[in-house]
Amino acid sequence: WIHKLAKDSNGKTVIRRFEMEQTCLASRHDLQKYLASKGIHLTTDKRAAQAMETYTKSGLLMIANVLQSPKIAERFGLRVMESGELACAQGKYLIHGDGRIELAMLGRNLRTQQEAYSIPIPPNEEGSWDKSVWKEHIRPAAKQHIAFLQKFYGDETYGKYQLAIMMAMASPFMAFVNEGYTGGDTLPPNGLVLSLFSENGGKGKTTAMRSAQLAFGLPKSLSSDGGDLNSTALARIARLSMAGTLPVNMDEMGDMESKPLAELIRTIANGTARVRVAKDGSLKPGVNWALTCLIGTNKSQREIIVHLRKTSSAEQYRLLELDVENLHFGRDAGKDFRTEWVRVQRCAGALGAVIHLLICRLGVEAVNAFVQQRVHEAAELVQDIKEESSARFQYRGLGAILALQDLLEMTNMAPFKRQTMIDVFTEAYRNTVDFVEENVVVSDDLQVLSNALSDLHSRTIITQNLTDMSRKGKDLVPTFDRDVRDRVP
(Lines give C-alpha, C1' and ligand atoms only; values in the text may rest on other atoms or scores of the structure.)
Protein backbone atom coordinates (compact mmCIF):
# COMPACT_ATOMS: atom_id res chain seq x y z
CA TRP A 1 0.00 0.00 0.00
CA ILE A 2 1.03 3.59 -0.74
CA HIS A 3 -0.29 6.29 1.59
CA LYS A 4 -0.60 9.88 0.36
CA LEU A 5 -1.56 13.04 2.23
CA ALA A 6 -4.12 14.98 0.20
CA LYS A 7 -6.89 17.57 0.52
CA ASP A 8 -10.56 16.64 0.25
CA SER A 9 -13.28 18.82 -1.29
CA ASN A 10 -13.58 20.77 1.96
CA GLY A 11 -9.87 21.47 2.14
CA LYS A 12 -9.33 19.02 5.00
CA THR A 13 -6.15 16.94 5.02
CA VAL A 14 -6.88 13.25 4.52
CA ILE A 15 -4.88 10.09 3.90
CA ARG A 16 -5.48 8.28 0.66
CA ARG A 17 -4.33 4.71 0.19
CA PHE A 18 -3.39 3.05 -3.09
CA GLU A 19 -2.56 -0.58 -3.76
CA MET A 20 0.73 -1.04 -5.60
CA GLU A 21 1.61 -4.20 -7.53
CA GLN A 22 5.11 -5.58 -7.07
CA THR A 23 5.56 -5.35 -10.86
CA CYS A 24 5.90 -1.61 -10.38
CA LEU A 25 9.34 -2.30 -8.95
CA ALA A 26 10.57 -4.03 -12.07
CA SER A 27 12.41 -0.83 -12.98
CA ARG A 28 12.86 2.63 -11.59
CA HIS A 29 10.97 4.03 -14.61
CA ASP A 30 7.94 1.83 -13.84
CA LEU A 31 7.94 2.98 -10.23
CA GLN A 32 8.07 6.67 -11.21
CA LYS A 33 5.33 6.16 -13.78
CA TYR A 34 3.04 4.49 -11.22
CA LEU A 35 3.66 7.17 -8.58
CA ALA A 36 3.00 9.91 -11.13
CA SER A 37 -0.34 8.27 -12.01
CA LYS A 38 -1.35 8.71 -8.37
CA GLY A 39 -0.27 12.33 -8.24
CA ILE A 40 3.03 11.65 -6.49
CA HIS A 41 5.81 13.39 -8.44
CA LEU A 42 9.53 13.14 -7.66
CA THR A 43 12.10 15.81 -8.38
CA THR A 44 14.31 15.53 -11.44
CA ASP A 45 17.24 14.64 -9.18
CA LYS A 46 18.17 11.01 -9.84
CA ARG A 47 18.95 10.49 -6.18
CA ALA A 48 15.31 11.13 -5.25
CA ALA A 49 14.10 8.33 -7.55
CA GLN A 50 16.86 6.04 -6.28
CA ALA A 51 15.97 6.75 -2.64
CA MET A 52 12.26 6.07 -3.29
CA GLU A 53 13.11 2.81 -5.02
CA THR A 54 15.36 1.66 -2.18
CA TYR A 55 12.76 2.66 0.43
CA THR A 56 9.92 0.86 -1.35
CA LYS A 57 11.88 -2.33 -1.95
CA SER A 58 13.03 -2.41 1.67
CA GLY A 59 9.46 -1.98 2.88
CA LEU A 60 8.18 -4.79 0.68
CA LEU A 61 11.03 -7.05 1.75
CA MET A 62 10.28 -6.45 5.42
CA ILE A 63 6.58 -7.13 4.89
CA ALA A 64 7.41 -10.38 3.11
CA ASN A 65 9.70 -11.47 5.94
CA VAL A 66 7.15 -10.60 8.61
CA LEU A 67 4.45 -12.56 6.78
CA GLN A 68 6.69 -15.61 6.99
CA SER A 69 7.44 -15.02 10.66
CA PRO A 70 5.82 -17.01 13.49
CA LYS A 71 2.46 -15.66 14.63
CA ILE A 72 2.18 -14.58 18.29
CA ALA A 73 -1.48 -13.93 18.94
CA GLU A 74 -2.42 -13.51 22.61
CA ARG A 75 0.54 -13.24 24.98
CA PHE A 76 4.28 -12.60 25.32
CA GLY A 77 6.85 -14.81 27.01
CA LEU A 78 7.94 -18.43 26.76
CA ARG A 79 6.11 -20.83 24.48
CA VAL A 80 6.57 -24.31 23.07
CA MET A 81 6.41 -24.10 19.27
CA GLU A 82 4.69 -26.69 17.07
CA SER A 83 8.11 -28.25 16.43
CA GLY A 84 8.57 -28.83 20.17
CA GLU A 85 11.20 -26.08 20.38
CA LEU A 86 11.11 -23.77 23.38
CA ALA A 87 11.19 -20.12 22.29
CA CYS A 88 10.34 -16.75 23.81
CA ALA A 89 8.52 -13.69 22.50
CA GLN A 90 10.12 -10.67 24.16
CA GLY A 91 8.00 -7.99 22.57
CA LYS A 92 8.25 -8.24 18.79
CA TYR A 93 11.41 -10.34 19.02
CA LEU A 94 11.24 -14.14 19.02
CA ILE A 95 14.29 -15.69 20.72
CA HIS A 96 15.31 -19.24 19.75
CA GLY A 97 17.47 -21.64 21.74
CA ASP A 98 20.16 -21.72 19.02
CA GLY A 99 20.66 -17.95 19.38
CA ARG A 100 18.62 -16.82 16.38
CA ILE A 101 16.33 -13.83 16.82
CA GLU A 102 13.56 -12.96 14.40
CA LEU A 103 10.69 -10.54 14.21
CA ALA A 104 7.34 -12.09 15.01
CA MET A 105 3.93 -11.15 13.67
CA LEU A 106 2.01 -9.99 16.72
CA GLY A 107 -1.72 -9.94 17.38
CA ARG A 108 -3.51 -6.59 17.49
CA ASN A 109 -3.52 -6.31 21.29
CA LEU A 110 0.16 -7.22 21.60
CA ARG A 111 1.27 -4.60 19.09
CA THR A 112 0.39 -1.89 21.62
CA GLN A 113 3.27 -3.11 23.81
CA GLN A 114 5.73 -4.36 21.20
CA GLU A 115 8.11 -1.41 21.59
CA ALA A 116 8.04 -1.51 25.40
CA TYR A 117 9.70 -4.95 25.44
CA SER A 118 12.98 -4.19 23.71
CA ILE A 119 16.33 -5.82 22.93
CA PRO A 120 19.43 -3.67 22.19
CA ILE A 121 20.20 -4.91 18.68
CA PRO A 122 20.70 -2.89 15.47
CA PRO A 123 17.78 -2.62 13.01
CA ASN A 124 17.69 -5.22 10.27
CA GLU A 125 15.73 -5.08 7.01
CA GLU A 126 15.49 -8.87 6.82
CA GLY A 127 13.85 -9.04 10.24
CA SER A 128 16.24 -11.69 11.57
CA TRP A 129 19.56 -11.75 13.41
CA ASP A 130 22.14 -14.52 13.79
CA LYS A 131 23.85 -15.49 17.03
CA SER A 132 26.67 -12.96 16.54
CA VAL A 133 24.46 -10.22 18.04
CA TRP A 134 24.74 -11.86 21.45
CA LYS A 135 28.50 -11.37 21.68
CA GLU A 136 28.55 -7.96 20.00
CA HIS A 137 25.47 -6.31 21.48
CA ILE A 138 23.29 -8.20 23.95
CA ARG A 139 25.74 -9.78 26.42
CA PRO A 140 27.83 -6.57 26.88
CA ALA A 141 24.62 -4.65 27.62
CA ALA A 142 23.42 -7.37 30.02
CA LYS A 143 26.74 -7.23 31.89
CA GLN A 144 26.44 -3.45 32.15
CA HIS A 145 23.00 -3.89 33.71
CA ILE A 146 24.38 -6.46 36.18
CA ALA A 147 27.23 -4.07 37.12
CA PHE A 148 24.59 -1.39 37.76
CA LEU A 149 22.60 -3.72 40.04
CA GLN A 150 25.71 -4.75 41.95
CA LYS A 151 26.85 -1.16 42.40
CA PHE A 152 23.59 0.15 43.87
CA TYR A 153 21.99 -2.97 45.38
CA GLY A 154 24.94 -5.30 45.96
CA ASP A 155 25.38 -4.50 49.66
CA GLU A 156 23.58 -7.00 51.91
CA THR A 157 21.84 -4.04 53.54
CA TYR A 158 19.63 -4.02 50.45
CA GLY A 159 18.83 -7.72 50.65
CA LYS A 160 15.09 -7.06 50.38
CA TYR A 161 15.57 -5.11 47.17
CA GLN A 162 17.85 -7.86 45.90
CA LEU A 163 15.09 -10.39 46.48
CA ALA A 164 12.48 -8.20 44.75
CA ILE A 165 14.72 -7.68 41.71
CA MET A 166 15.51 -11.39 41.42
CA MET A 167 11.84 -12.27 41.94
CA ALA A 168 10.90 -10.14 38.94
CA MET A 169 13.70 -11.49 36.75
CA ALA A 170 12.76 -15.07 37.73
CA SER A 171 9.25 -14.58 36.35
CA PRO A 172 9.84 -16.77 33.23
CA PHE A 173 10.56 -19.78 35.47
CA MET A 174 7.06 -19.59 36.99
CA ALA A 175 5.78 -21.55 33.99
CA PHE A 176 7.68 -24.61 35.25
CA VAL A 177 7.25 -24.51 39.04
CA ASN A 178 3.88 -26.20 39.29
CA GLU A 179 2.80 -29.06 37.04
CA GLY A 180 5.35 -28.11 34.40
CA TYR A 181 4.90 -26.59 30.97
CA THR A 182 5.37 -29.09 28.16
CA GLY A 183 3.56 -27.78 25.10
CA GLY A 184 1.11 -25.46 23.41
CA ASP A 185 0.31 -21.78 23.92
CA THR A 186 -1.69 -22.37 27.11
CA LEU A 187 0.42 -21.87 30.23
CA PRO A 188 -0.12 -23.75 33.50
CA PRO A 189 -1.80 -20.98 35.56
CA ASN A 190 0.41 -19.65 38.33
CA GLY A 191 1.51 -16.41 39.97
CA LEU A 192 2.96 -14.75 43.06
CA VAL A 193 2.68 -11.18 44.36
CA LEU A 194 5.65 -9.54 46.06
CA SER A 195 4.84 -6.27 47.81
CA LEU A 196 7.43 -3.62 48.67
CA PHE A 197 5.91 -1.66 51.55
CA SER A 198 6.93 1.53 53.38
CA GLU A 199 4.72 4.15 55.01
CA ASN A 200 7.00 6.98 53.88
CA GLY A 201 8.07 7.72 50.32
CA GLY A 202 11.61 8.13 49.04
CA LYS A 203 12.73 4.63 50.08
CA GLY A 204 13.55 3.47 46.54
CA LYS A 205 10.63 1.10 45.95
CA THR A 206 9.82 2.43 42.49
CA THR A 207 13.45 2.60 41.38
CA ALA A 208 14.08 -0.98 42.54
CA MET A 209 11.02 -2.19 40.64
CA ARG A 210 12.11 -0.34 37.51
CA SER A 211 15.68 -1.59 37.85
CA ALA A 212 14.28 -5.11 37.65
CA GLN A 213 11.89 -4.31 34.79
CA LEU A 214 14.82 -2.88 32.81
CA ALA A 215 15.89 -6.49 32.19
CA PHE A 216 12.91 -6.93 29.85
CA GLY A 217 12.37 -3.51 28.31
CA LEU A 218 11.64 0.14 28.93
CA PRO A 219 10.68 0.56 32.62
CA LYS A 220 8.48 3.63 32.17
CA SER A 221 6.37 1.83 29.58
CA LEU A 222 6.18 -1.42 31.56
CA SER A 223 5.63 0.02 35.05
CA SER A 224 2.23 1.54 35.62
CA ASP A 225 0.25 2.96 38.49
CA GLY A 226 -1.66 -0.16 39.38
CA GLY A 227 -3.73 1.67 41.94
CA ASP A 228 -4.94 4.32 39.52
CA LEU A 229 -8.68 4.69 39.90
CA ASN A 230 -8.91 4.79 36.11
CA SER A 231 -7.33 1.31 35.89
CA THR A 232 -10.25 -1.08 35.90
CA ALA A 233 -10.07 -4.65 37.15
CA LEU A 234 -10.49 -5.88 33.58
CA ALA A 235 -7.60 -3.70 32.41
CA ARG A 236 -5.30 -5.17 35.06
CA ILE A 237 -6.30 -8.71 34.09
CA ALA A 238 -5.68 -7.87 30.44
CA ARG A 239 -2.15 -6.71 31.31
CA LEU A 240 -1.46 -9.95 33.16
CA SER A 241 -2.78 -12.08 30.31
CA MET A 242 -0.74 -10.13 27.78
CA ALA A 243 2.47 -10.47 29.82
CA GLY A 244 2.34 -14.28 29.77
CA THR A 245 5.56 -15.21 31.58
CA LEU A 246 7.03 -11.69 31.78
CA PRO A 247 6.90 -9.81 35.11
CA VAL A 248 4.31 -7.12 35.84
CA ASN A 249 4.83 -4.05 38.02
CA MET A 250 1.98 -2.23 39.77
CA ASP A 251 3.04 0.88 41.67
CA GLU A 252 1.18 3.10 44.15
CA MET A 253 -1.31 0.42 45.25
CA GLY A 254 -1.91 1.87 48.71
CA ASP A 255 -5.12 3.68 47.77
CA MET A 256 -6.80 0.61 46.34
CA GLU A 257 -9.84 -0.58 48.30
CA SER A 258 -9.65 -3.79 50.34
CA LYS A 259 -12.09 -5.96 48.40
CA PRO A 260 -10.69 -5.44 44.87
CA LEU A 261 -7.14 -5.70 46.26
CA ALA A 262 -7.82 -9.10 47.85
CA GLU A 263 -9.49 -10.25 44.65
CA LEU A 264 -6.54 -9.03 42.56
CA ILE A 265 -3.99 -10.89 44.69
CA ARG A 266 -6.05 -14.08 44.52
CA THR A 267 -6.47 -13.71 40.76
CA ILE A 268 -2.74 -13.16 40.15
CA ALA A 269 -1.89 -16.28 42.16
CA ASN A 270 -4.52 -18.36 40.36
CA GLY A 271 -2.99 -17.36 37.03
CA THR A 272 -6.12 -17.27 34.91
CA ALA A 273 -8.60 -14.74 33.60
CA ARG A 274 -12.35 -15.11 33.52
CA VAL A 275 -14.13 -16.84 30.68
CA ARG A 276 -15.39 -14.31 28.15
CA VAL A 277 -18.33 -14.30 25.76
CA ALA A 278 -17.33 -14.04 22.10
CA LYS A 279 -19.25 -12.01 19.51
CA ASP A 280 -21.03 -15.13 18.29
CA GLY A 281 -22.21 -15.93 21.82
CA SER A 282 -19.76 -18.77 22.43
CA LEU A 283 -17.57 -18.95 25.52
CA LYS A 284 -13.94 -17.96 25.11
CA PRO A 285 -11.52 -19.07 27.86
CA GLY A 286 -9.26 -16.44 29.37
CA VAL A 287 -5.54 -16.36 28.58
CA ASN A 288 -3.48 -17.90 31.40
CA TRP A 289 -0.31 -16.38 32.81
CA ALA A 290 2.58 -17.73 34.89
CA LEU A 291 4.51 -14.79 36.31
CA THR A 292 5.52 -12.66 39.26
CA CYS A 293 3.92 -9.31 40.05
CA LEU A 294 5.75 -6.60 42.01
CA ILE A 295 3.64 -4.11 43.95
CA GLY A 296 4.84 -0.85 45.44
CA THR A 297 2.71 0.61 48.23
CA ASN A 298 2.71 2.89 51.26
CA LYS A 299 0.25 0.65 53.13
CA SER A 300 0.64 -2.93 54.27
CA GLN A 301 -1.27 -5.13 51.84
CA ARG A 302 -1.60 -7.78 54.56
CA GLU A 303 -3.36 -5.40 56.90
CA ILE A 304 -5.64 -4.09 54.15
CA ILE A 305 -6.74 -7.63 53.34
CA VAL A 306 -7.22 -8.74 56.95
CA HIS A 307 -9.22 -5.57 57.59
CA LEU A 308 -11.64 -6.78 54.91
CA ARG A 309 -12.12 -10.17 56.53
CA LYS A 310 -10.36 -12.02 59.31
CA THR A 311 -10.58 -15.34 57.48
CA SER A 312 -8.07 -14.37 54.78
CA SER A 313 -5.26 -16.93 55.17
CA ALA A 314 -5.55 -18.02 51.51
CA GLU A 315 -4.84 -14.48 50.26
CA GLN A 316 -2.09 -13.97 52.84
CA TYR A 317 -0.06 -16.91 51.55
CA ARG A 318 -0.43 -15.67 47.98
CA LEU A 319 1.43 -12.51 49.01
CA LEU A 320 5.05 -12.01 50.05
CA GLU A 321 5.46 -8.64 51.76
CA LEU A 322 8.78 -6.88 52.39
CA ASP A 323 8.88 -3.89 54.72
CA VAL A 324 11.52 -1.50 53.33
CA GLU A 325 10.80 1.43 55.65
CA ASN A 326 14.38 1.43 56.97
CA LEU A 327 16.02 1.19 53.55
CA HIS A 328 17.04 4.22 51.51
CA PHE A 329 19.90 5.64 49.47
CA GLY A 330 22.02 8.44 50.85
CA ARG A 331 21.99 11.81 49.10
CA ASP A 332 25.27 11.22 47.26
CA ALA A 333 24.29 7.68 46.28
CA GLY A 334 20.95 8.95 45.00
CA LYS A 335 22.63 11.53 42.79
CA ASP A 336 25.04 8.92 41.45
CA PHE A 337 22.11 6.57 40.83
CA ARG A 338 20.28 9.12 38.69
CA THR A 339 23.37 9.68 36.57
CA GLU A 340 23.98 5.96 36.03
CA TRP A 341 20.28 5.32 35.46
CA VAL A 342 20.31 7.49 32.33
CA ARG A 343 23.29 5.55 30.97
CA VAL A 344 21.94 2.09 31.69
CA GLN A 345 18.73 2.75 29.72
CA ARG A 346 20.54 1.65 26.56
CA CYS A 347 20.70 -1.84 28.10
CA ALA A 348 16.92 -2.22 28.23
CA GLY A 349 15.89 -5.81 27.50
CA ALA A 350 19.40 -7.25 27.33
CA LEU A 351 19.49 -9.20 30.61
CA GLY A 352 16.00 -10.58 30.06
CA ALA A 353 17.02 -11.73 26.57
CA VAL A 354 20.03 -13.57 28.06
CA ILE A 355 17.78 -15.24 30.66
CA HIS A 356 15.36 -16.31 27.94
CA LEU A 357 18.19 -17.66 25.79
CA LEU A 358 19.54 -19.75 28.69
CA ILE A 359 16.06 -21.19 29.32
CA CYS A 360 15.33 -21.92 25.66
CA ARG A 361 18.75 -23.48 25.18
CA LEU A 362 17.96 -26.06 27.89
CA GLY A 363 14.82 -27.20 26.12
CA VAL A 364 11.42 -28.15 27.53
CA GLU A 365 12.28 -31.41 29.29
CA ALA A 366 15.55 -30.22 30.80
CA VAL A 367 14.22 -26.89 32.09
CA ASN A 368 11.25 -28.62 33.74
CA ALA A 369 13.58 -30.99 35.59
CA PHE A 370 15.97 -28.14 36.44
CA VAL A 371 13.23 -25.97 37.96
CA GLN A 372 11.43 -28.80 39.77
CA GLN A 373 14.64 -29.71 41.58
CA ARG A 374 14.92 -26.13 42.89
CA VAL A 375 11.24 -26.06 43.85
CA HIS A 376 11.73 -29.19 45.98
CA GLU A 377 14.71 -27.53 47.68
CA ALA A 378 12.63 -24.42 48.32
CA ALA A 379 9.73 -26.48 49.71
CA GLU A 380 12.00 -28.06 52.29
CA LEU A 381 13.40 -24.69 53.33
CA VAL A 382 9.95 -23.14 53.69
CA GLN A 383 8.18 -26.07 55.33
CA ASP A 384 10.96 -26.41 57.91
CA ILE A 385 9.57 -23.13 59.28
CA LYS A 386 5.95 -24.27 59.15
CA GLU A 387 4.27 -26.91 57.02
CA GLU A 388 1.28 -25.22 55.45
CA SER A 389 -0.55 -26.27 52.29
CA SER A 390 -1.01 -22.67 51.13
CA ALA A 391 2.76 -22.13 51.40
CA ARG A 392 3.10 -23.70 47.94
CA PHE A 393 2.39 -20.29 46.41
CA GLN A 394 5.44 -18.88 48.18
CA TYR A 395 7.96 -21.71 47.90
CA ARG A 396 7.28 -21.97 44.15
CA GLY A 397 8.46 -18.36 43.95
CA LEU A 398 11.63 -19.22 45.86
CA GLY A 399 12.16 -22.19 43.55
CA ALA A 400 12.00 -19.87 40.54
CA ILE A 401 14.56 -17.54 42.13
CA LEU A 402 16.94 -20.43 42.87
CA ALA A 403 16.59 -21.67 39.29
CA LEU A 404 17.49 -18.21 37.96
CA GLN A 405 20.33 -17.84 40.44
CA ASP A 406 21.91 -21.18 39.54
CA LEU A 407 21.54 -20.60 35.80
CA LEU A 408 23.18 -17.17 36.01
CA GLU A 409 25.96 -18.50 38.23
CA MET A 410 26.83 -21.05 35.54
CA THR A 411 27.56 -18.14 33.19
CA ASN A 412 29.20 -15.90 35.84
CA MET A 413 26.36 -13.38 35.57
CA ALA A 414 24.64 -13.67 38.96
CA PRO A 415 24.24 -10.16 40.44
CA PHE A 416 23.68 -11.28 44.05
CA LYS A 417 24.51 -14.12 46.45
CA ARG A 418 22.35 -17.23 46.57
CA GLN A 419 22.31 -17.45 50.38
CA THR A 420 21.07 -13.87 50.66
CA MET A 421 18.07 -14.79 48.51
CA ILE A 422 17.29 -17.77 50.75
CA ASP A 423 17.73 -15.84 54.01
CA VAL A 424 15.57 -12.88 53.01
CA PHE A 425 12.85 -15.08 51.48
CA THR A 426 12.58 -17.44 54.46
CA GLU A 427 12.47 -14.46 56.83
CA ALA A 428 9.61 -12.99 54.77
CA TYR A 429 7.79 -16.33 54.87
CA ARG A 430 8.29 -16.53 58.65
CA ASN A 431 6.75 -13.06 58.93
CA THR A 432 3.78 -14.26 56.87
CA VAL A 433 3.26 -17.24 59.18
CA ASP A 434 3.47 -15.05 62.28
CA PHE A 435 1.03 -12.51 60.85
CA VAL A 436 -1.51 -15.20 59.93
CA GLU A 437 -1.29 -16.83 63.35
CA GLU A 438 -1.75 -13.51 65.15
CA ASN A 439 -4.35 -11.83 62.95
CA VAL A 440 -6.22 -14.33 60.80
CA VAL A 441 -9.09 -16.48 62.02
CA VAL A 442 -8.81 -19.97 60.54
CA SER A 443 -11.89 -20.92 58.52
CA ASP A 444 -10.70 -23.97 56.57
CA ASP A 445 -12.54 -27.07 57.90
CA LEU A 446 -9.50 -29.33 57.94
CA GLN A 447 -7.35 -26.69 59.60
CA VAL A 448 -10.01 -26.06 62.26
CA LEU A 449 -10.12 -29.78 63.01
CA SER A 450 -6.34 -29.97 63.12
CA ASN A 451 -6.17 -27.06 65.57
CA ALA A 452 -8.87 -28.63 67.76
CA LEU A 453 -7.03 -31.95 67.90
CA SER A 454 -3.82 -30.15 68.71
CA ASP A 455 -5.47 -28.22 71.57
CA LEU A 456 -6.98 -31.47 72.97
CA HIS A 457 -3.79 -33.43 72.50
CA SER A 458 -2.77 -33.44 76.18
CA ARG A 459 -6.16 -34.96 77.11
CA THR A 460 -6.24 -37.54 74.32
CA ILE A 461 -5.16 -41.19 74.29
CA ILE A 462 -3.70 -42.06 70.91
CA THR A 463 -4.93 -45.56 70.02
CA GLN A 464 -3.22 -45.75 66.63
CA ASN A 465 0.21 -44.46 65.72
CA LEU A 466 -0.55 -44.10 61.99
CA THR A 467 -2.68 -41.49 60.27
CA ASP A 468 -4.74 -41.66 57.13
CA MET A 469 -2.14 -41.19 54.40
CA SER A 470 -4.62 -39.90 51.84
CA ARG A 471 -4.10 -36.33 50.72
CA LYS A 472 -7.02 -34.91 52.67
CA GLY A 473 -6.25 -36.60 55.94
CA LYS A 474 -2.47 -36.48 55.95
CA ASP A 475 -0.95 -35.35 59.24
CA LEU A 476 -4.23 -34.19 60.79
CA VAL A 477 -3.31 -36.09 63.96
CA PRO A 478 0.27 -35.95 65.29
CA THR A 479 1.99 -39.36 65.31
CA PHE A 480 4.07 -40.76 68.16
CA ASP A 481 6.75 -43.38 68.41
CA ARG A 482 5.75 -44.42 71.93
CA ASP A 483 3.22 -47.18 72.50
CA VAL A 484 -0.25 -46.10 73.52
CA ARG A 485 0.23 -47.71 76.98
CA ASP A 486 2.99 -45.21 77.66
CA ARG A 487 0.67 -42.32 76.88
CA VAL A 488 -2.03 -42.81 79.52
CA PRO A 489 -2.73 -39.39 81.11
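These are my notebook entries on a predicted model.

**Entry one: aromatic rings**

I searched the whole structure for aromatic pairs and found eleven. I looked up F148 and F337: their ring centres are 5.3 Å apart and their planes meet at 50 degrees, so I noted the pair as tilted. F148 belongs to helix α4 (residues 132–153) and F337 to helix α12 (residues 331–344), so this pair ties together parts 189 residues apart in sequence. F148 counts as buried, with 4% relative accessibility, and F337 does too, at 6%.

F337 also pairs with Y153, and here the arrangement is edge-to-face, with 6.5 Å from centre to centre and 85 degrees between the planes. Y153 is in α4 as well, so this pair ties α4 to α12 across 184 residues of sequence. Y153 is buried at 0% relative accessibility. I then saw that F148, Y153 and F337 are part of one aromatic cluster, together with F152, Y161 and W341.

**Entry two: a buried lysine**

Where does K203 lie? I found K203 in the loop between β10 (190–197) and α6 (205–213). K203 is buried but has no salt bridge, and E325, the nearest side chain of opposite charge, is 4.0 Å away. Among the residues K203 touches are Y161, S198 and H328.

I checked the length of α9, residues 258–270. At 1.5 Å a residue, its 13 residues should span 18 Å, and its end C-alpha atoms are 18 Å apart, which agrees. Its buried residues include L261, L264, I265 and I268. Just after α9, I noted that G271 has a positive phi of about 75 degrees.

Notes. Residues are numbered from 1 along each chain as its sequence is written. This is a predicted model: local features need pLDDT of at least 70, side-chain atom pairs count only at pLDDT 80 or more; totals for chains, interfaces and linings use all residues. Side-chain values use heavy atoms; hydrogens and water are left out. Helices (H or I, at least four residues) and strands (E, at least two) are DSSP runs, numbered from the N terminus. Buried means under 20% relative accessible area, exposed over 50%, partly exposed in between (1.4 Å probe, protein chains only). Lys and Arg count as positive and Asp and Glu as negative; His and the chain ends are not counted. Contact means heavy atoms within 4.5 Å. The expected span of a helix is 1.5 Å times one less than its number of residues. Rings of Phe, Tyr and Trp (its six-membered ring) pair if their centres lie within 6.5 Å; planes under 30 degrees apart count as stacked, over 60 as edge-to-face and the rest as tilted. Lists of a residue's contacts leave out its neighbours within four places in sequence.
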